[in-house]
Each structure stands twice: as structure tokens, then as C-alpha cells.
Amino acid sequence: ETAQAIKGMKLHEAQKYMQDVCEKKRCVPFRKFNGCAGRTPQAKEWKTTQGRWPVKSAKVILNLLKNAEGNAEFKNLDTDNLRIQHIQVNPAQQG
């Protein structure tokens, strides 16, 4: 859910959004795994009613975005025009 929320955003826009999620200023819309997810007015931004503030996963993705920005700077790419085109999260290994 957290990764799908930033899909299609520019890099700096996604970093600002993840910072706001960590500070609980903006929420992440819960569409698929929304059982027992409360309703919040912050979800109106995404045209839905259910949303949460997954701080732990937001911090992990924020570190991932910083890593991607560092890789882009190393390759001499323009970090202002970077867009998140593909992002995928796999489930953790059991046991």
C-alpha cells in the first residue's frame, strides 16, 4: 500500500510525502488490505475514505528513495526530473 501510493510521483515529491506520513500530516490510502482500517479525512486526497500512517514502512521507503537519489547523483542524472516508474514490495520470508 505504501509503495503504490508513491508510484508515478517525482522523487522529491515522494520524499516529502513520506516525511509527511512519518509526521502523520498525510495518510497512505488503504485500498487492498483495508480490513479494520479506520476512516480519516486525510484520505480524501486519494478519493477514498480509508487510510493509515504506516510509519515503519514509510521510513524504509524513505531510506530507499535516498539511496536511489544517491545512485542517480553518482551516475550524473538530473535528480529534479526523476520519476518513480516501477516500485515493488515482496513479502518477507516465513520462519
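**Close-up 1. D20 and K16 sit about one helical turn apart in helix α2.** Here we look at helix α2 (residues 11–22), where D20 and K16 are four residues apart and therefore separated by about one helical turn. Helices are DSSP runs of H or I with at least four residues, strands are runs of E with at least two, and both are numbered from the N terminus. The side chains of D20 and K16 meet in a salt bridge of 3.1 Å, N to O. A salt bridge means a side-chain nitrogen of Lys or Arg within 4 Å of a carboxyl oxygen of Asp or Glu. D20 counts as buried because its relative accessibility is 7%, whereas K16 is partly exposed at 49%. Buried stands for under 20% relative accessible area, exposed for over 50%, and partly exposed for in between (1.4 Å probe, protein chains only).

**A note on the model.** This is a predicted model in which local features need pLDDT of at least 70 and side-chain atom pairs count only at pLDDT 80 or more, while totals for chains, interfaces and linings use all residues. Residues are numbered from 1 along each chain as its sequence is written, and side-chain values use heavy atoms, with hydrogens and water left out.

**Close-up 2. R26 and E45 meet across two loops.** The side chains of R26 and E45 form a salt bridge of 2.4 Å, N to O. R26 lies in the loop between α2 and β1 (28–29) and E45 in the loop between β1 and β2 (51–52), so this pair ties together parts that are 19 residues apart in sequence. Salt bridges that share partners join R26 and E45 with K16 and D20 into one network. R26 is partly exposed, at 23% relative accessibility, and E45 is partly exposed too, with a relative accessible area of 40%.

**Close-up 3. E23 and K25 pair up.** Their side chains meet in a salt bridge of 3.2 Å, N to O. E23 counts as partly exposed at 46% relative accessibility, while K25 counts as exposed at 52%. Across the whole structure, a search finds four salt bridges.

**Close-up 4. T2 is a buried residue in helix α1.** T2 has its place in helix α1 (residues 2–5), and T2 counts as buried because its relative accessibility is 8%. The T2 side chain makes a polar contact with the side chain of S57 at 3.1 Å. A polar contact is a pair of N or O atoms within 3.5 Å; within protein, one must be able to donate a hydrogen and the other to accept it, and residues adjacent in sequence count only if both atoms are side-chain atoms. Leaving aside neighbours within four places in sequence, T2 is in contact (heavy atoms within 4.5 Å) with M18, V28, P54, S57, A58 and I61.
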